[in-house]
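Here is a short report for a reader meeting this chain for the first time. Please look over the sequence and the model before reading on.

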Amino acid sequence: MTLKWIYDQYIRRYLGWRNWAVFYYNSIIENLFIFFVIALVQRDFSSTFLLKMVAFILFSLFSTTYGYLINDFSDRRLDALHGKPNTFHGDSTLKALGVLAGVVIGSAIFAWPFVNNPWFVGLWAAWFFMATFYSLPPLRFKERGKLGLVLVVFAQRVIPALILFAAFHFTHPVLFWVLLNYVLIKGFNSDINHQLEDYENDLRTQTRTSAVELGKERLEKIFRLTLYYERLAMLLVLIALGNFLQRDLNWPASISYFPLMGFGIILLLALIKEHQEGHRIPVINPFKTSEKDVFQFLHLAFPHVALPLYFLGIFSIKNWHYLIFLIILGIVYRLFDVRALKSTFIGKLIFKQGIK
């Protein structure tokens, strides 16, 4: 038994679920900028905060992995009918349960710095229940139509955000609610997209998801409206954050409202493109990431990459330890790869205009 064998058979196969989707479909990593909002509100730029942030991210990675793996464990038969890959294909039930137990233990290890907070423990327990029975019989919430959609959004997005707020004692009266509102609608859109992608398979196997219950055309109309609301939700976050930075921290308006101005410009470009090409879902759906167009940048790249990198740059000036985290994210997001940068929406925009 070599380290490579362990990596291939366990780490890459289970923690690296579906090409490391746990990194790309993780509500905490998706909303990484929230950590920096919390630090700004608490005026905490210390290395201790950075270490706690890393611990929480690892906690979220193990927890999210459990959520995905318990879903695969429950869907082994259904995935076979759909012809979809399943992480536990070929595994015995005993081995699958052992893997799930190991992931839970990993999650508990990184939860240790926060367990002295009863709100954290209570919310984590609620999340564990919802994540487990979202797909596991007899409750299997995912097949309860609209109720299942609501529960999965809460389990995958809202409760993790509340756990984060509890872990870091975040209670700012305005930012708390605008951030939670944004996380809620963003999670709602992500799951609607997932159900629309699986619509044909779910219809064929009579899986009672909200997409099957409502119908594809009706759900697409809802999706279109909620995408607009997500943009509004981000605007509210950026306005509230800019006001806080200028009024409470006395930052210059140019720095405080820079993310808002950037988002506003991209939003205007998106509205122009919609007017030119129509408002159809295939056009405005940001989750078609291979397109890397204005909609993908507006809904995904801006909050996932641009916003956290902006604040990390500022934090790095105050504490050089954050520069290490900035470099790591730069490598992960391929910011040092010129060809990768040119393939992004901003890269295409710049080089199309001939700016070198």
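## Two arginines in loops

At 48% relative accessibility, Arg334 counts as partly exposed, because that class runs between buried (under 20% relative accessible area) and exposed (over 50%), using a 1.4 Å probe and protein chains only. Arg334 sits in the loop between α18 (321–332) and α19 (338–343). Its phi is positive, about 60 degrees, although Arg334 is not a glycine.

Arg43 is another non-glycine residue with a positive phi, about 55 degrees. Arg43 lies in the loop between α4 and α5 (47–74). Arg43 is partly exposed, with a relative accessible area of 45%.

## About the model

This is a predicted model, in which local features need pLDDT of at least 70, side-chain atom pairs count only at pLDDT 80 or more, and totals for chains, interfaces and linings use all residues. Residues are numbered from 1 along each chain as its sequence is written, and side-chain values use heavy atoms, with hydrogens and water left out.

## The whole chain

The chain has 20 helices and zero strands. Both kinds of element are DSSP runs, numbered from the N terminus: helices are H or I with at least four residues, strands are E with at least two. Of the 356 residues in the chain, 51% are buried.

Contact means heavy atoms within 4.5 Å. Among contacts with a separation of 6 or more, 72% join residues 24 or more positions apart. The accessible surface comes to about 17800 Å², and 67% of that belongs to carbon and sulfur atoms. These areas come from the Shrake-Rupley method with a 1.4 Å probe; for residues, only the protein chains shown count as cover.

## Three salt bridges

How many salt bridges does a search of the whole structure find? The search finds three. A salt bridge is a side-chain nitrogen of Lys or Arg within 4 Å of a carboxyl oxygen of Asp or Glu. Side chains of opposite charge can pair when their charged atoms come close.

Arg157 forms a salt bridge with Glu30, and their closest N and O atoms are 2.2 Å apart. This pair links distant parts of the chain: Arg157 is in helix α9 (residues 145–167) and Glu30 is in helix α3 (residues 27–30), 127 residues apart. Arg157 counts as buried at 5% relative accessibility. Glu30 counts as buried at 6%.

Glu230 and Lys186 meet in a salt bridge through their side chains (3.6 Å, N to O). Glu230 lies in helix α13 (residues 216–247) and Lys186 in helix α10 (residues 175–197), so this pair ties together parts that are 44 residues apart in sequence. Both Glu230 and Lys186 are buried. Glu274 forms a salt bridge with Arg231, with the closest N and O atoms 2.6 Å apart. Glu274 lies in helix α15 (residues 258–277) and Arg231 in helix α13, so this pair ties together parts that are 43 residues apart in sequence. Both Glu274 and Arg231 are buried.

## Asn31

Asn31 is placed in the loop between α3 and α4 (33–41). Asn31 is buried, with a relative accessible area of 4%. A polar atom of its side chain lies 2.9 Å from the backbone oxygen of Ser27. Leaving aside neighbours within four places in sequence, Asn31 is in contact with Tyr182, Val183 and Lys186.

## Helix α17

Where does α17 bend? Helix α17 (residues 294–318) bends by about 65 degrees at Ala301, and a proline, Pro303, follows within four residues. The bend is the angle between axes fitted to the seven residues ending at a residue and the seven starting there. Of the 25 residues in α17, 20 are buried. Asp293 caps the N-terminal end of α17, with a side-chain oxygen 3.2 Å from the backbone nitrogen of Phe295.

Ser316 is found in helix α17. Ser316 counts as buried at 14% relative accessibility. A polar atom of the Ser316 side chain lies 3.3 Å from the backbone nitrogen of Leu323. Not counting residues up to four places away in sequence, Ser316 touches Tyr322, Leu323 and Leu326.

Technical notes. A polar contact is a pair of N or O atoms within 3.5 Å; within protein, one must be able to donate a hydrogen and the other to accept it, and residues adjacent in sequence count only if both atoms are side-chain atoms.
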